Amino acid sequence: MATPASLIALEEHFAAPGLLPEAAEVSFFDPDQLVAIERLLPELAEERLRAMDEAGIQIAVLSQTAPGVQGIRNTSEAVTCAHQANNHLQRSLELHPKRFRGFAALALQDVDAACAELSRCVEELGFVGALVNGCSQQRFLDDSGFAPFWRTLERLRVPLYLHPGIPAESPRSRLPQLEGATWAWTADTAEHALRLVVSGVFERHPDAQVILGHMGETLPFLLWRLDSRFAVTRYASQLQGRPSEVIRRHIHITTSGVCDPAPLRCAIETMGIDRVLFATDYPYEDIALAGRWIQNTPLSASEREAIGYQNARQLLKLNT
C-alpha cells in the first residue's frame with residue numbers, strides 16, 4: 001500500500017480569474033453541485049491542501065478547468081488569457097513548491113503563440129507539460145497546422161494531457177441527459193485521440209506523448225476491436241502497425257473520475273502497468289474517495305506504487 005501523502009495526482013483542476021466555465025457550458029450540472037464546485041475551483045491554498053492530505057496526495061499537477069482558453073473565440077484574447085492563467089498558477093506553485101506542479105494552458109488558436117507560451121512555461125516557470133481542453137476553434141490536433149506544436153512538445157520532452165472541452169460537433173440526436181461528462185465529453189475526447197492515432201500524428205512525431213483521463217476515455221476496452229476493424233479498411237496500410245500498438249507507445253491514461261477496480265484491471269492488462277497513472281478529477285469528483293480507493297483496491301504492491309506515483313515521476317521527470 002502507498003504510504004500516506006505519497007500519491008501524485010495528474011488531473012487536478014483550478015480556474016484562473018475570468019476563466020470559470022460559463023453557465024451555458026455547464027448547464028447539465030445539478031445547480032447545487034455546480035455551486036460547490038465553483039467555490040473550490042479558484043482556491044489554491046489551505047482548503048485544497050487539506051483535501052490532498054486527507055486523500056494521501058503529496059503532489060497535485062494543476063490544470064485550468066474546461067473549456068478554459070479553448071472556449072475563447074477571439075484569438076488575441078485567448079493568447080492573453082493563457083499567459084495570465086499560467087502566471088496565476090505559477091504564483092501558487094511558488095507558494096507551495098513541494099505540493100503543486102503545473103500543466104500549461106495554451107491558446108492553440110494561435111499556434112506560434114502557443115508554442116512560445118509552452119516553451120516559457122516549461123523552461124522558465126518549471127511546468128511539467130500542457131493540458132488542452134479539446135478543440136480550438138473547431139480544429140482537432142491532427143490538423144497539419146498544429147505540427148509546430150507537436151515539434152515543441154517533442155523538443156521540450158513533456159506530455160500533452162488531452163482533456164475534454166466543448167465537443168467539436170454535438171449530434172442533434174444526443175439527449176441532454178448524455179451531455180458533459182456523462183457521455184458527450186468521453187465520446188468527443190476518445191475520437192480526438194483516435195484521430196491522432198490513425199492520421200499518423202505519432203509517426204510524424206515519434207517522441208510525442210499524450211495523456212488521457214477518465215481511465216482512457218474507454219479506449220483501453222476497445223483495443224482488440226480497433227485492430228480488428230481497422231485492419232479491414234482501405235486505410236490500414238497507411239499506418240505503421242496496429243492502432244493498439246500506436247496507442248501503447250504514445251498514450252498514457254489516468255484514473256481520474258473512475259474509482260472502479262474492474263476497468264482499472266482492464267487498463268493495466270491492455271495498456272501495460274507503466275502507462276496507467278493516478279488522478280482524482282478534483283473538484284468534480286470526491287478526492288478523498290479517490291485516495292482511499294487507489295490505496296485499497298486490489299493491486300500488488302508494485303502496481304500500486306507504479307500507478308500511485310512512480311509512473312508520474314518518470315513521465316513528468318519529477319525529483320521528489
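**Strands, burial and cysteines**

User: Which residue of β7 stands opposite V210?

Analyst: V210 has I251 opposite it in β7. The model is a predicted one, in which local features need pLDDT of at least 70 and side-chain atom pairs count only at pLDDT 80 or more, while totals for chains, interfaces and linings use all residues. Residues are numbered from 1 along each chain as its sequence is written, and side-chain values use heavy atoms, with hydrogens and water left out.

User: What makes β6 and β7 a pair of strands?

Analyst: A strand is a DSSP run of E with at least two residues, and a helix is a run of H or I with at least four, both numbered from the N terminus. Two strands pair if DSSP finds at least two bridges between them. Strand β6 (residues 210-212) and strand β7 (residues 251-254) are joined by three bridges and run parallel, so they meet the rule of at least two. I211, for its part, stands opposite H252 in β7.

User: How do you know that β7 and β8 pair as well?

Analyst: β7 and β8 share two bridges in the parallel sense, and at least two are required. I253 has V276 as its bridge partner in β8. The strands of a sheet pair through backbone hydrogen bonds, either parallel or antiparallel.

User: Why are β4 and β8 said to stand at the edges?

Analyst: The open sheet has five strands in the order β4-β5-β6-β7-β8, with parallel pairing. β4 (130-133) and β8 (276-277) each have a single partner strand, so one side of each is left without a neighbour in the sheet. Helix α6 (residues 184-198) packs on this sheet and touches β5 (160-163), β6 and β7; contact means heavy atoms within 4.5 Å. The direction of α6 makes about 135° with that of β5, where axes are lines fitted to C-alpha atoms, for helices over the stretch in contact, and angles run from 0 to 180 degrees between N-to-C directions.

User: Which residues of β7 point one way, and which the other way?

Analyst: I251 and I253 point one way from β7, whereas H252 and T254 point the other way. In a regular strand the side chains alternate between the two faces of the sheet. All four are buried, which means a relative accessible area under 20%; exposed means over 50%, and partly exposed lies in between (1.4 Å probe, protein chains only).

User: Why is S6 called buried?

Analyst: S6 has a relative accessible area of 6%, under the limit of 20%, and therefore counts as buried. S6 lies in the segment before β1 (7-14). Its contacts, leaving aside neighbours within four places in sequence, are with G56, Q58 and Y309.

User: Is G165 buried or exposed?

Analyst: G165, in the loop between β5 and α6, has 6% relative accessibility and counts as buried. Not counting residues up to four places away in sequence, G165 touches A66, N133, G134 and W185.

User: How many disulfides are there, and how do you know?

Analyst: A disulfide is a pair of cysteine sulfur atoms within 2.5 Å, and by this rule the count is zero. C81 is in no disulfide, as the nearest cysteine sulfur, that of C121, is 14 Å away. The sulfur of C121 is 12 Å from the closest cysteine sulfur, in C115, which is too far for a bond. C81 is buried at 17% relative accessibility, and C121 is buried at 0%.

User: What makes the protein as compact as a globular protein of its length?

Analyst: The protein has twelve helices and eight strands. Its radius of gyration, taken over C-alpha atoms, is 18 Å, close to the 20 Å that the globule rule gives for 320 residues, so the protein is as compact as a globular protein of that length. The globule rule is 2.2 Å times the number of residues to the power 0.38. Buried residues make up 57% of the 320 residues.
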